[in-house]
Amino acid sequence: MQPTISIPKHWPYPRFNLEQRTQQGIILGLYYYPSGTELAEQFDDGWRYVLMPNKNSDEISYLQEEQIQPLTPEELLSEITAEIKFYQQQISILQQQLALLTGGFTNA
């Protein structure tokens, strides 16, 4: 079963998704300041996003929708391809370590 998020019908739908990669980083969370609330009066109404610049960072930024730029398809492809190559290298290293431990006998 996939987790679901319910958004009240009178709220606009967010432009970006959880875990979406953007120019500013990966979206970790989002929250909404409804019109007519104190927070919306102070900071403007609308969606806010919590982003982490990269997965090795402990920095977090809080941005409004208009401050976020999505990645182009080419940038997204490049990022994902680089991550796949990284993990393939990690798997290869682990397979070599496993082969040393088992004397070359693995079920892989």
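Predicted model: local features only at pLDDT ≥ 70, side-chain atom pairs only at ≥ 80, totals over all residues.
What does the side chain of Ser57 reach at 2.9 Å? I looked: the Ser57 side chain gets to the backbone nitrogen of Glu59, at 2.9 Å.

Numbering runs from 1 along each chain as its sequence is written, and side-chain values use heavy atoms, leaving out hydrogens and water.

Next I checked where Ser57 sits: in the loop between strand E3 (46–52) and strand E4 (61–64). Strands here are DSSP runs of at least two residues, numbered from the N terminus. Ser57 has 17% relative accessibility, so it counts as buried (under 20% relative accessible area; exposed is over 50%, partly exposed in between; 1.4 Å probe, protein chains only).

Then I traced the sheet. It is open, with four strands in the order E1-E2-E3-E4 and antiparallel pairing. E1 (21–22) and E4 stand at the edges with a single partner strand each, so one side of each has no neighbour in the sheet. Strands pair if DSSP finds at least two bridges between them; E3 and E4 are joined by four. I also found that Arg48 has Gln64, in E4, as its bridge partner.

Last stop was Leu28, in strand E2 (residues 25–33). Its relative accessibility is 43%, so Leu28 counts as partly exposed.

Notes. Polar contact = N/O pair within 3.5 Å; in protein donor to acceptor, adjacent residues only side chain to side chain.
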